[in-house]
Amino acid sequence: MSAPWPAPLAASPVDATVEVPGSKSITARALYLAAVADSPSVIRGALDARDTRLFADALEVMGARVKDEGAGILRVTPMSLPPRGGRIECGLAGTVMRFLPPLAALSPEETLFGGDEQAYARPLGPLLDALVRMGATVTYHGERGHLPFTVQGPIHTPLGAQAWVDSSSSSQFLSALLLVSPLVGDPLFVSAPGVIPSMPHVEMTLASLAGAGVDLEVVDEGRANLSTWHIFPSRPIGGDITVEPDLSNAGPFLAAAMVTGGRVRIPAWPGATTQAGDAWRALLGHMGATITLDEEGLTLTGPGAGNYPGIKATMAEVGELTPTMAAICAYASTPSHLSGIAHLRGHETDRLAALVAEINRAGGQAEETEDGLIITPRPLHAAQIRSYADHRMATFGAILGLVTPGITVDDIACTSKTLPTFEAMWASLVSENGEESTQAVPASSIEEEE
């Protein structure tokens with residue numbers, strides 16, 4: 001294992017323009033729809049990262065061809081349907097292990113899904129149970145409801161043309177069922193009972209389907225505890241797809257401006273988007289950041305560590321932003337309460353437990369609630385932050401290191417999951433105004449308030 005990464009300290013407030021690569025979430029949906037489309041497609045601005053490479057490789061196992069032409073351009077030749085069977089490597093990519101089993105279940109051939117050891121803890125049972133209700137056979141090679149497993153179809157339109165999936169632990173279950181629905185062969189009602197976390201990702205899926213010419217409609221049954229959509233059969237339309245910058249991955253760079261009292265510009269920030277990361281504008285604006293959005297992109301100027309209040313925020317729809325928010329909250333002047341994120345216990349790692357452990361390891365004060373975190377600012381000190389093979393925990397540690405001397409991260413390389421150039425981007429961010437410093441903004445300057 002490589003040596004711990006010493007997180008760079010900021011000698012002065014950062015002032016940088018950061019070009020963020022394409023959205024992982026949009027790239028995955030674009031790849032999926034292009035791979036099952038009625039004609040070839042070109043995807044521009046695609047993210048080149050481990051997750052998206054695994055997704056493209058899996059689609060090639062199923063029969064599509066994905067040609068990487070460089071500069072974020074992917075040329076996709078669709079597969080024949082039903083897809084081929086085979087062995088699919090998921091790594092730690094939630095989109096691979098959740099979006100692709102329903103597609104594989106269209107086929108009478110067997111498809112084996114495996115992944116990294118850490119991926120075996122991620123829940124899949126509700127989605128695979130939904131496929132069994134539609135006629136698929138799922139064989140587990142370990143713990144039920146988890147990787148590794150084999151799926152074999154073909155799935156068919158269920159009785160009453162009604163398919164449902166419990167998405168309370170992951171919106172990806174619902175997105176997976178929505179994506180495959182136009183390919184099942186008959187009009188299909190897709191439902192999810194109860195509260196759906198990270199609903200912007202479902203809206204992104206619906207927008208991607210509609211953008212590819214799939215006919216769908218929201219069904220209003222007047223029931224607060226049930227969401228339903230009516231999806232009509234068709235192959236998506238091939239064509240040109242442009243991927244927006246990844247606004248969630250912009251978070252650590254915006255956080256750098258917040259905690260150092262600096263300024264960061266993100267070019268090409270969309271004026272309207274379904275990405276959860278657009279919530280940065282409201283969240284950080286509420287904490288005292290100055291934010292402008294114009295045709296050039298988004299610019300954020302932060303107050304600096306200890307100069308902004310904590311926040312009480314429901315993060316249910318934007319849970320992926322929580323690790324970065326936790327780092328920002330650790331340097332606030334008052335406590336913060338982040339709620340609605342119990343589902344983060346089933347992400348790449350148990351992110352709630354991980355954040356509590358690492359904030360406390362560095363001298364802070366954090367505690368878990370039933371569905372979130374309470375973070376009370378304390379002066380932080382040198383510590384080795386564990387990443388848990390989770391890219392967002394690694395960037396969490398990098399943010400702490402901007403302000404607190406002696407912060408290291410045990411595995412910064414895991415950021416390659418969604419941002420392969422993170423180390424270089426972070427070094428450039430810190431050194432753009434000069435060499436990084438061995439002197440930090442003093443953590444003791446943070447005022448505490450119970």
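User: Where does Arg 122 sit in the chain?
Analyst: Arg 122 is in the loop between strand S7 (110-114) and helix H4 (125-133). Helices (H or I, at least four residues) and strands (E, at least two) are DSSP runs numbered from the N terminus. The model is predicted: local features need pLDDT of at least 70, side-chain atom pairs count only at pLDDT 80 or more, and totals for chains, interfaces and linings use all residues. Residues are numbered from 1 along each chain as its sequence is written, and side-chain values use heavy atoms, with hydrogens and water left out.

User: Why is Arg 122 called buried?
Analyst: Buried means under 20% relative accessible area, exposed over 50%, partly exposed in between (1.4 Å probe, protein chains only). Arg 122 has 5%, so Arg 122 is buried.

User: Which annotation covers Arg 122?
Analyst: An unreviewed UniProt entry gives "binding site" for Lys 24, Gly 94, Arg 122, Gln 172, Arg 351, Arg 392 and Lys 417. UniProt annotations may be inferred rather than shown by experiment.

User: Why does Gln 172 count as buried?
Analyst: Gln 172 has 18% relative accessibility, so Gln 172 falls under the cut-off and counts as buried. Gln 172 lies in helix H5 (residues 171-180).

User: Which residue does UniProt list as "active site", and why is that residue called buried?
Analyst: The unreviewed entry lists Glu 320. Its relative accessible area is 14%, so Glu 320 is buried. Glu 320 is in the loop between strand S18 (312-314) and helix H9 (322-330).

User: How do you know that the side chains of Glu 320 and His 201 make a polar contact?
Analyst: The distance is 2.8 Å, and the limit is 3.5 Å.

User: What classes of residue make up the lining of the largest pocket?
Analyst: The lining divides into 11 nonpolar, 8 polar and 3 charged residues. Ala, Val, Leu, Ile, Met, Phe, Trp, Tyr, Cys and Pro count as nonpolar, Asp, Glu, Lys and Arg as charged, and the others, Gly among them, as polar.

Definitions and conventions:
Polar contact = N/O pair within 3.5 Å; in protein donor to acceptor, adjacent residues only side chain to side chain.
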